[in-house]
Each structure stands twice: as structure tokens, then as C-alpha cells.
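What do the coordinates say about burial, pairing and contact?

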Amino acid sequence: MKARHKRFAIVLGGLAALGIAATLILNAFQSNLVFFFTPTQVANGEAPKDRAFRIGGLVKEGSLQRTDITARFIVTDTAKEIPVAYTGILPDLFSEGKGVVAQGALGADGKFTATEVLAKHDENYMPPEAKHAVDQAHEAAKTLKQ
Amino acid sequence: MSQPLINWFKFASPASFYPLAGKLWPWFAALATAFAAAGLWISFFVAPTDFQQGEGYRIIFIHVPASWMSMFIYCVMAFWSAIGIGFNTRLSGMMSSALAPTGALFAFLSLWTGALWGKPMWGAWWVWDARLTSELILLFLYLGYIALTAAIDDPRRADKAGAIVSLVGVINVPIIYFSVKWWNTLHQGASVSMTKAPTMAATMLWGMLLMALAFWMYSIAVALYRVRAIILERERHATWVAELPEMQR
């Protein structure tokens with residue numbers, strides 16, 4: 001084995017060892033690396049109970065109610081739901097049927113009091129006309145089913 | 001053994017790479033300007049408004065290509081570092097050092113434009129989610145590489161130390177890329193990827209891809225220009241440098 005083959009082998013071996021180490025570490029910290037918990041995870045008791053955490057999901061259609069500056073809405077992952085109350089200014093992209101991440105604490109009554117609400121944007125970028133066409137297609141599909 | 005078409009090892013010598021880089025960089029600079037002009041024109045005048053974000057989405061024409069570039073340049077640095085350790089070539093370390101400032105610039109641009117977008121869209125300048133945090137670590141890796149190589153006086157030892165930093169840090173690149181898949185993050189998933197059709201309108205995609213090409217060409221041009229300066233600085237006592245026409249004046 002030439003000296004340079006040995007050096008390349010060391011580099012490759014080192015990278016492989018590092019990769020394995022990184023995988024193990026990331027697996028160990030899995031629960032600390034998630035930015036938010038879904039309502040299903042909260043229902044299964046995976047969310048921390050003694051400290052504030054974030055929940056994420058979709059704002060349920062037709063669930064948004066405003067009284068003064070307090071907004072009440074339901075966060076859903078289509079399986080489970082959590083009612084959320086938030087006092088403050090909602091971000092521009094916040095709307096029903098869209099992604100949302102709320103930070104706060106879960107009360108004993110199962111209601112989540114948020115101290116911060118962030119809108120979660122999806123990866124879809126399209127002009128308004130295309131969005132209109134997509135909506136119409138959805139409507140057509142709905143009427144066909146009925 | 002058959003003779004290869006181009007003897008690549010010839011260009012591993014700084015003396016023969018210096019004039020080659022000098023011939024190449026103006027071409028890449030010209031291409032960068034052309035692609036940037038076309039890309040910016042599409043970005044601002046051709047690409048339609050987004051249905052949800054309005055005009056604010058146009059930050060992606062800088063943000064996404066800058067983020068891609070920051071990850072890719074790091075991989076190239078790691079590649080040169082591995083070559084440098086393996087073949088013990090002087091030029092490899094110089095290439096790594098030439099790429100680092102450009103990579104740091106793109107990592108910073110990616111974080112900065114992301115913050116500008118995040119405030120109106122998410123409602124926060126910064127969140128500690130996996131994607132944002134790992135990209136910040138990438139910026140620190142670039143800065144760490146630059147600081148470490150600058151702190152060691154002997155350039156050959158500086159290159160070796162820098163090579164180890166860049167090889168260890170390369171593990172962060174797949175973490176950045178897949179962070180939005182592996183964990184729940186506030187950052188959205190990829191709109192453009194190898195495995196599925198892009199989830200964006202065609203003209204928006206074209207604008208983004210042209211800007212990405214412009215950034216590629218810019219990075220190559222700047223790296224070649226910078227490596228020429230590094231070669232001159234390190235080889236200043238060599239006779240071939242003294243014999244260069246630009247040194248005769």
C-alpha cells in the first residue's frame with residue numbers, strides 16, 4: 001500500500017466514523033431536535049409536561065374566532081385537535097386551512113395558551129391564477145363526489 | 001498505459017495553474033454577469049406574484065441559490081481537503097482557502113435574506129429550528145476555517161489543520177439538507193429536489209435556476225481570482241514568479 005493510499009483510507013475511515021457518530025448523536029437527541037409537536041404526539045403524551053413547548057399543525061377551517069385582540073382557533077393534524085387561545089398580533093400568512101406553529105403551555109383542561117404564534121409556510125409557490133384553477137378543480141371534485 | 005487526453009497532474013503545480021486560472025476567470029465572470037442579468041430580469045419582471053405571499057416571495061431568487069451555494073462550496077472545500085491530505089499537493093489547500101470566504105458570504109446571505117423573509121411571513125426573524133440552526137453552524141464552520149488557517153503561520157501546516165476542519169464539518173451538509181425531512185421544522189420542505197417534480201410555477205423556477213447558475217459562475221470566477229493571489233503570495237520567492245511578465249514592470 002502506497003503512502004497516499006493509506007492517507008486516503010484514513011480520510012475515508014475518519015469520515016465513516018464521523019458519519020456513524022453523527023447519526024447516533026442525532027438519534028439520541030431526536031426529541032430535542034423537533035421544533036414542534038403535532039396534536040397526535042401531544043395526545044400520546046410525547047410532548048414535555050413540565051415546560052413550554054410548541055405545537056404545530058393546520059388551523060382548522062371555520063374555527064377562528066376573534067374577541068378583542070384574543071384569537072381562538074383549533075390546531076389539527078386531521079387526526080387530533082387542540083384548541084388554542086392567543087392574545088397578540090397574528091402573522092400575515094396566518095389563515096384557516098394553513099400551517100401554524102404556536103408556542104405556549106397546555107392547560108389541565110386540554111386548552112393550549114399560546115405566547116407566540118408563527119405561520120408555517122408550505123413549499124408551494126404559484127401565481128394567484130394557478131391557485132384559483134387549483135381551487136376550482138377541488139370544488140369540482142367535491143361536487144362530483146356528492 | 002495509454003496517454004490521457006489532459007494531464008491533470010500538470011495543473012496541480014501552482015506554476016502551471018496560475019496562468020490557466022488567469023485565462024479562465026474572466027470567462028466565468030462574464031457568464032456570471034450574463035446569467036445574473038437574465039435571472040434578475042425574470043425575477044423582477046417576468047415571474048408572477050405568489051398567491052399567498054405576494055411580492056415578498058421574490059427573496060427566494062437570492063435565498064435559495066445562496067443556500068445551495070453555501071452547502072456546495074463546503075463540499076468542494078472538503079473535496080480539495082481530502083485531495084490535499086491524500087496526494088499532498090500544495091494547490092489543494094490554496095483552493096480550499098480561496099473558496100472559504102465565498103462560502104461564508106453565501107451562508108451569511110442565506111441567513112440574512114431568510115431573516116428578512118421570516119419576519120413578515122412567519123412572524124419571527126429567527127427561530128431555533130433544525131434547518132436554521134444547522135445553517136448557522138455552517139457559517140461558523142466557514143469562519144472557523146478562515147480563522148484557524150489565518151492563525152497558523154506556516155501555510156502547509158495551516159492547510160493541514162484547515163483540511164481536518166473542513167472534512168469534519170462536511171457531516172453538517174447532509175444534516176442541513178435533510179433537516180426539513182427528518183424533523184418537524186418551521187422552515188418549509190424543499191420546493192425543488194431530485195426526487196419529485198418542483199412545486200413552483202415554471203417561470204419562478206427558471207428565475208431561480210438562472211440565479212443559481214449566476215452564483216455558480218461568480219463563485220468559480222472569484223475562487224480562481226483569489227487562488228491566483230494566494231499562489232503569488234506563497235510562491236513569491238520562486239523564480240517562476242519573478243519571471244512572470246506582470247512582475248517585470
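## A tyrosine at the contact

A:Y125 is located in the loop that connects β6 (112-120) and α4 (128-145) of chain A; helices (H or I, at least four residues) and strands (E, at least two) are DSSP runs, numbered from the N terminus. The model is a predicted one, in which local features need pLDDT of at least 70, side-chain atom pairs count only at pLDDT 80 or more, and totals for chains, interfaces and linings use all residues. Residues are numbered from 1 along each chain as its sequence is written, and chains are lettered from A and ligands numbered from 1 in the order in which they are written.

With 25 other C-beta atoms within 10 Å, A:Y125 is buried. A residue is called buried if 20 or more other C-beta atoms lie within 10 Å of its own, exposed if 12 or fewer, and partly exposed in between, with C-beta atoms placed from the backbone. Not counting residues up to four places away in sequence, A:Y125 touches B:D50, B:Y57, B:S191, B:M200, B:A201 and B:M204; contact requires C-beta atoms, placed from the backbone, to lie within 7 Å. Between the C-alpha atoms of A:Y125 and A:E61, 64 residues apart along the chain, the separation is 21 Å.

## The contact between the chains

Chain B contributes 34 residues to the contact and chain A 32 residues. On the side of chain B that touches chain A, α2 (60-87), α3 (90-121) and α5 (155-169) of chain B each supply at least two residues. The largest share of that side, four residues, comes from α2(B).

By class, the side of chain B that touches chain A has 21 nonpolar, eleven polar and two charged residues. Here Ala, Val, Leu, Ile, Met, Phe, Trp, Tyr, Cys and Pro count as nonpolar, Asp, Glu, Lys and Arg as charged, and the others, Gly among them, as polar.

## Strands and domains of chain A

Strand β1 (residues 53-59) of chain A has six of its seven residues buried, so β1(A) is largely enclosed by the rest of the structure. β1(A) runs antiparallel to strand β5 (residues 99-106) of chain A, to which six bridges join it; strands pair if DSSP finds at least two bridges between them. A:R54 has A:Q103 as its bridge partner in β5(A). Two bridges also join β1(A) to strand β3 (residues 70-76) of chain A, again antiparallel, and A:V59 has A:V75 as its bridge partner in β3(A).

The loop between β2 (65-67) and β3 of chain A holds A:D68. Phi of A:D68 is near 55°, a positive value in a residue other than glycine, and A:D68 is exposed, with 6 other C-beta atoms within 10 Å. An automatic or database domain assignment divides chain A into domain 1 (1-33) and domain 2 (34-120), whose C-alpha centres lie 39 Å apart.

## The helices of chain B

Chain B has nine helices and zero strands. Its C-alpha trace spans about 65 × 45 × 35 Å along the principal axes. Of the 249 residues in chain B, 41% are buried. Among contacts in chain B with a separation of 6 or more, 77% are between residues 24 or more positions apart.

Helix α1 (residues 14-46) of chain B has 33 residues and should span 48 Å at 1.5 Å a residue; its end C-alpha atoms are 44 Å apart, which agrees. The expected span is 1.5 Å times one less than the number of residues. Buried residues of α1(B) include B:F17, B:A21 and B:F35, and their cover includes α2, α3 and α7 (202-234) of chain B.

α2(B) has 28 residues and reaches 40 Å from its first C-alpha to its last, close to the 40 Å expected at 1.5 Å a residue. Because 22 of the 28 residues of α2(B) are buried, α2(B) is largely enclosed by the rest of the structure. B:N88 follows α2(B), with a positive phi near 60°. B:N88 is in the loop between α2 and α3 of chain B and is partly exposed, with 14 other C-beta atoms within 10 Å.

Notes
Two residues are in contact if their C-beta atoms, placed from the backbone, lie within 7 Å.
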